[in-house]
Amino acid sequence: LKTLQFKHRDERLFAAWGLWKLEANVADTLPILIEELNSPVSWPLVLQCLDEMEEKAQSALPILQKFVDSEFRITTGAPEELLVEFDDLLQAAAQQTIVKIKAGFE
């Protein structure tokens, strides 16, 4: 839990992921994951964790849906020649995560 308070993003992110894997702790983990949705570089790990949380990650839906519905495109996080592919993969992964989260409601 102390690591969730660190300033370095990667340390907080991996601490949140580990806390989720070990304890399924949504209360402390989900706010960190949602915060990390502001950084596309973090999205692969964040989406994996949100995917595993399923309906417990419902508070992340507005941000994920906004990303999927927008014209926003990723401009960092991958070498320039791979940015389009990276963006397409993140769009697809975000859409799959939305489906998985919503499936828990049905």
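Trainee: At what angle do helix 2 and helix 3 pack?

Mentor: This is a predicted model, in which local features need pLDDT of at least 70, side-chain atom pairs count only at pLDDT 80 or more, and totals for chains, interfaces and linings use all residues. Residues are numbered from 1 along each chain as its sequence is written, and side-chain values use heavy atoms, with hydrogens and water left out. The axes, lines fitted to C-alpha atoms over the stretch in contact, with angles running from 0 to 180 degrees between N-to-C directions, lie 10 Å apart, and the packing angle is about 140 degrees.

Trainee: Which residues of helix 3 make the contact with helix 2?

Mentor: Contact here means heavy atoms within 4.5 Å. Helix 2 contributes Val26, Thr29, Leu30, Leu33 and Glu36, and its partners from helix 3 are Trp43, Val46, Cys49, Leu50 and Met53.

Trainee: On which side or sides of helix 1 do its buried residues lie?

Mentor: The buried residues of helix 1 are Arg12, Leu13, Ala15, Ala16, Leu19 and Trp20. They cover an arc, taken from the directions from the helix axis to the C-beta atoms, of only 165 degrees, which puts them on the same side of helix 1.

Conventions:
Buried means under 20% relative accessible area, exposed over 50%, partly exposed in between (1.4 Å probe, protein chains only). Helices (H or I, at least four residues) and strands (E, at least two) are DSSP runs, numbered from the N terminus.
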